[in-house]
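The sequence and structure are shown first.

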Amino acid sequence: MNRWHIFFELIKSALEILVFSLLLAGIGNLLINPFYGLVLSFTDDNLRYLGELLIQINKYILVYFPLIILIRLIARKTSLSGTIIASLLGYIVYLLVTMLWQKDTLPAIAYQAILGLSYNSASSGIHYPLQTGMVGIIVVALISLFIQKITEHKKEKFLAKETIVTFKIIFLCILAGILTVQIWPFIFKGIQKIIEFISENTSNPVNMGLFGIFDKLGNVLHLSSFLRQSFWYSSNGGSWI
């Protein structure tokens, strides 16, 4: 129970930001959605702009929520601002590696323009980073905390400690990115097997239960689009569509 309490304390502020962003989205919808009728009761464009702004704020908080978790985890475990910056750089490098070293065996749903990163290759078109959700965040966070721990009490003679920490985190994130590129196709194939099993009989309560379990797990890992895309926008949904 204590471990869950500590974990909740770690992510409490991030969850509060998420709830606040959902509240902003609700207010934004009230201002610009014609279904509620409020948009018809005023003619001031500034209010419409405000509603759109609140919705966009919510959108980007949802998309980059794993990054907020990363910052919170590192900030909770260390007081050095250099480690937080190094972690952010490490995460960007991790994404760049999954974008540049990626294999062409995965469908487009496995990739996403995270942080706006993309690469236009003359031979194979536009590449985006792998969509690893919270998995990538956890990997980078563990790397950052490990490097911080082993260098905390060391005295560096030539370079500042923050510089050494940054170099080490970036190096390990490069290795982690390459390893992710090799492993992720197998993970994705496993997800596809689960989708195929559920889609065989979408009226079976067991299959419904499995869908619910993996959908909630996908929400936690910020990977729900893998499952939902297959069922909501393809023939796998069967009678659900």
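## Helix 6 against helix 7

In this predicted model, the axes of helix 6 and helix 7 (residues 205–221) approach within 9 Å and cross at roughly 145°. The crossing is left-handed. Helix 6 contributes I194, F197 and I198 to the contact, and helix 7 contributes N207, L210, F211 and F214. By residue class, this contact comprises six nonpolar residues, one polar residue and no charged residue.

Helix 7 also contains G209. With a relative accessible area of 35%, G209 is partly exposed, because that class covers values between 20% and 50%. The C-alpha atoms of G209 and I198 lie 9.4 Å apart, with eleven residues of separation in sequence.

## Helix 5 against helix 6

Helix 5 (residues 134–151) and helix 6 (residues 161–199) have axes that come within 9 Å and cross at roughly 145°. The crossing of helix 5 and helix 6 is right-handed. On the side of helix 5, the contact is made by V135, V139, V140, I143, S144, F146, I147, Q148 and T151. On the side of helix 6, K161, V165, K168, I169, L172, C173, A176 and W184 take part. The residues of this contact divide into twelve nonpolar, three polar and two charged.

T151, a residue of helix 5, has a relative accessibility of 2% and therefore counts as buried, the cut-off being under 20%. Leaving aside neighbours within four places in sequence, T151 is in contact with K161, V165 and K168. The C-alpha atoms of T151 and I164 are separated by 8.5 Å, and the two residues are 13 apart along the chain.

## Nonpolar cores

The largest nonpolar core has 25 residues, and those with the most contacts inside it are I69, L70, Y91, Y94 and I169. At least two residues of this core come from each of helix 1 (2–32), helix 3 (65–77), helix 4 (81–100), helix 5 and helix 6. Apart from this core lies another, of nine residues, including L106, L130, V181 and F226.

Y94 is in contact with T132, G136, V139, V140, C173, A176, G177 and T180, when its neighbours within four places in sequence are set aside. Among these partners, V139 and V140 belong to the helix 5 side of the contact with helix 6, and C173 and A176 to the helix 6 side.

I137 is placed in helix 5. Its relative accessibility is 0%, so I137 counts as buried. Beyond residues up to four places away in sequence, I137 touches P66, L67, I69, L70 and Y91; I69, L70 and Y91 are among the residues with the most contacts inside the largest core.

## A strand residue and a loop residue

H127 is found in strand 2 (residues 125–127). A relative accessible area of 9% makes H127 buried. Residues up to four places away in sequence not being counted, H127 touches M99, Q102, D104, S118, Y119 and S121.

Y64 occupies the loop between helix 2 (45–63) and helix 3. Y64 is partly exposed, with a relative accessible area of 22%. Neighbours within four places in sequence aside, Y64 is in contact with I114, L115 and G116. Y64 and H222 are 158 residues apart in sequence and 9.8 Å apart in space, C-alpha to C-alpha.

## Overall organisation

The secondary structure of the protein amounts to eight helices and two strands. From the N terminus on, these elements follow the order α-α-α-α-β-β-α-α-α-α.

Of the 241 residues of the protein, 35% count as buried. The protein exposes about 14,600 Å², of which carbon and sulfur atoms supply 67%. Among contacts between residues at least 6 apart in sequence, 61% join residues at least 24 apart.

Notes: Residues numbered from 1 in each chain as written. Predicted model: local features only at pLDDT ≥ 70, side-chain atom pairs only at ≥ 80, totals over all residues. Heavy atoms only, no water. Axes fitted to C-alpha atoms, helices over the stretch in contact; angles between N-to-C directions. Helix = DSSP H or I, 4+ residues; strand = E, 2+ residues; numbered from the N terminus. Left-handed = near helix turned anticlockwise from the far one by under 90°. Contact = heavy atoms within 4.5 Å. Nonpolar A, V, L, I, M, F, W, Y, C, P; charged D, E, K, R; others polar. Core = buried A, V, L, I, M, F, W, Y, C linked by side-chain atoms within 4.5 Å. Buried < 20%, exposed > 50% of the residue type's maximum accessible area, 1.4 Å probe, protein only. Areas by Shrake-Rupley, 256 points an atom, 1.4 Å probe, with all protein chains shown as cover.
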